[in-house]
Amino acid sequence: MDFAGIIQNILNALQWGSFYSLIALGYCLVYGVLLLINFAHGDIFMVGAYISLFVATLLLGQFGGIPGMPGWLVLTLAVPLVMILTSCVGVTLERIAYRPLRRKGAHRLYVVITALMCGLILENGNLALFGASRRSFPTLVETHVFDVSGVAVTNIKLAVILVAIIAFLFLRFVVVKTKIGMAMRAISYDKFAVPLMGIPIDTVIVFTFVLGSGFAGLAGLMFAMTYPVLDPYMGAMIGWKAFIAAVVGGIGSIRGAFAGGFLLGFVEIMVVAFFPSTLRDLIAFSILLFILWLKPTGLYGVARRTKI
Amino acid sequence: MTGLAHAADDTIKLGFDIPLTGDIPDVGESAKNSAEMLKEQINKDGIKVGDKTYKVEFIYEDNESKAESAVSAANKLITQDEVLGMVGPQSSKQAVPAGEVANNLKTPMVSPWSTNPNTTLDRPYVFRGCFLDTFQGPTAAKFATQEFGAKKAAVLYDIASDYPKGLAEDFKKAFEKMHGEGSVVAFETFTTKDVDFSAQLTNIVKSGAEVLFVPQYYNEVPLIVKQAKALGWDKPILGSDSWGGGDLMGLCGDDCKGYFFVTHYAAAGAKGKTKDFIDAYKAKYNKTPDDVAALTWDSTNLMLQAIKDTGGLTGKTGKDRKAIMKVLGTVKDFDGITGKMSFTPEGDPIKCAVVVKIDDAGNYSFYESVCP
């Protein structure tokens with residue numbers, strides 16, 4: 001493969017890795033605070049993609065309040081709206097599924113199983129509501145292809161990568177620099193002592209779900225723009241893989257989730273570029289296994305309970 | 001059989017093993033719509049077999065577009081529902097394993113849409129209503145050569161699914177026979193449910209191919225086409241009959257316009273019987289029937305024709321199934337809406353293929369017809 005081909009594949013990998021990263025960030029936040037693996041997160045991402053479809057057609061098309069809005073305006077309005085609506089779904093799950101269990105002091109294992117169930121409920125709820133047919137996501141922004149000496153770059157590709165980087169910087173800022181971020185870290189350190197300090201633990205947990213689900217919604221929107229064919233099971237596999245990426249990065253570490261997502265994206269794309277595609281998951285996960293074997297806490301993980 | 005049991009047996013039961021959910025639900029819906037329409041027409045006056053008039057009953061089993069579920073659906077239809085014959089499964093991934101079941105349980109089966117040779121191979125009880133990939137692949141290769149003057153071709157296909165895999169190999173064989181070894185310059189694969197093809201398409205764009213052959217289903221084609229364009233591919237893309245089933249244009253929009261695919265029939269500009277069918281279907285379901293609907297119509301009719309030609313049913317399921325199988329194998333010049341067909345001893349029809357162009361209005365317009 002020539003030089004342009006390699007650069008092209010690096011760009012492809014950055015785009016693909018961005019989705020893993022965005023989803024892995026959500027796993028990481030919830031795990032960091034609650035030590036809960038929120039297995040429903042992949043399906044919240046799917047719900048985010050469907051909400052995007054709903055929002056985009058409602059604002060854009062014949063049913064919309066203002067017909068004939070330009071695509072970029074729809075997109076600008078869709079981003080906050082999708083994030084808010086998706087975080088409502090995440091918070092609802094927390095309220096009806098995780099909080100009651102937490103109140104009753106259920107073992108973490110039961111909460112994880114509950115999360116798995118919630119994911120299945122979201123998938124099949126969608127299936128029952130919208131049917132099994134694939135949905136097409138409308139074109140909000142025309143794809144422009146720029147040819148830079150043999151490397152094809154599109155505006156969407158650049159936007160996706162940029163969104164992932166901004167999301168990472170934003171979350172890192174929230175967790176490290178703000179007061180509520182400090183509260184999140186404190187809860188992860190000691191869930192029982194923190195309320196004694198007058199920190200409203202439920203509010204902080206809800207905020208964590210708002211952040212995590214909001215960014216899953218953003219990922220859903222970007223994903224729907226890049227791969228505009230939606231189906232109810234789209235979140236399952238990518239959710240699993242993003243979770244693995246978060247673990248390899250060192251679950252609970254924001255830097256780790258970000259790096260793990262891009263690492264997985266890179267390995268997958270590069271394996272396909274140079275080997276038959278059947279070997280992709282085999283090689284990709286062998287490499288990840290090897291990394292964990294060398295460093296069981298993940299790339300950025302530390303063997304302490306304070307993570308995030 | 002007592003007289004009483006016989007009286008209750010005034011229906012001919014046919015089973016449909018179709019994908020109502022899963023990866024290609026639109027295919028199942030088309031098949032079911034078409035079958036329901038046929039059932040309504042027949043049950044108006046019943047169907048005369050020998051000197052007795054029967055009503056037909058269709059039983060639909062969902063195979064979830066999965067091979068394992070297609071097998072259990074076939075088992076259920078044959079052993080539990082005791083159908084006389086089975087129509088479906090539609091795609092080869094399900095039809096190949098389900099054909100094994102039908103053949104082992106000695107039940108005639110007609111797959112309307114499965115073009116993979118293995119579906120009927122060495123299975124006297126299994127038939128199909130469409131042409132084969134061994135015919136479709138070379139047809140596509142020939143078309144790519146004549147229409148685009150292509151000397152180098154690329155293929156992108158799902159290696160985990162029987163249909164695209166078989167067809168991709170048939171295309172490669174035919175194209176390399178015409179242009180020499182290595183003229184298929186990129187032969188890239190992916191796995192079912194993948195959505196990102198950027199690495200494969202990068203290889204294809206860099207390979208210098210003049211045409212891209214994509215034997216994939218309607219839910220994957222839009223993703224492939226859009227990503228190919230985003231990576232700078234501006235040459236023709238050629239598809240197979242799987243493009244026609246389901247809602248390709250709804251998912252792909254303007255991006256697929258101007259491309260060609262090989263298929264079984266073209267709805268735009270149809271005449272005679274075919275037009276009657278299209279009009280009736282449009283009136284009932286408010287959409288143009290795809291090739292799955294048309295082939296299901298033909299296959300079900302073929303099965304019913306064979307039942308009629310047995311000259312009378314005995315009421316003993318096993319014996320009747322065998323009689324139907326014998327008749328099906330000798331059908332000559334059956335005049336279906338997707339063209340005339342005669343069967344080879346293998347259970348495969350000899351019929352023509354058409355190449356359609358997706359025009360600027362998004363219709364599949366007839367471009368040329370290729371006969372064996």
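**Entry 1: the model.** I am working with a predicted model, so I keep in mind that every value here is computed from it.

**Entry 2: the fold of chain A.** I started with the secondary structure and found ten helices and four strands in chain A. Going along the sequence, I read the order as α-α-α-α-β-β-β-α-α-α-β-α-α-α. I then looked up the radius of gyration, which is 20 Å for chain A; the globule rule gives 19 Å for 308 residues, so the chain is as compact as a globular protein of that length. Along the principal axes, the C-alpha atoms of chain A fill a box of roughly 60 × 50 × 35 Å.

**Entry 3: contacts and surface of chain A.** I looked at contacts with a separation of 6 or more and saw that 77% of them in chain A join residues 24 or more positions apart. Of its 308 residues, 55% count as buried. For charges, I noted 21 positive and 11 negative side chains in chain A, with the centres of the two sets 14 Å apart.

**Entry 4: B:T296.** Next I moved to chain B, where B:T296 sits in helix α11, residues 291-309. Is B:T296 buried or exposed? I found a relative accessible area of 0%; B:T296 is buried because the cut-off is under 20%. Its contacts beyond four places in sequence are B:F16, B:A31, B:S34, B:V87, B:Q90 and B:P112. With B:Q90, the side chain of B:T296 makes a side-chain polar contact at 3.2 Å.

Notes. Residues numbered from 1 in each chain as written. Chains lettered and ligands numbered in written order. Predicted model: local features only at pLDDT ≥ 70, side-chain atom pairs only at ≥ 80, totals over all residues. Heavy atoms only, no water. Helix = DSSP H or I, 4+ residues; strand = E, 2+ residues; numbered from the N terminus. Rg over C-alpha atoms; globule rule 2.2 N^0.38 Å. Buried < 20%, exposed > 50% of the residue type's maximum accessible area, 1.4 Å probe, protein only. Contact = heavy atoms within 4.5 Å. Lys, Arg positive; Asp, Glu negative; His and termini not counted. Charge placed at Lys NZ, Arg CZ, Asp CG, Glu CD. Polar contact = N/O pair within 3.5 Å; in protein donor to acceptor, adjacent residues only side chain to side chain.
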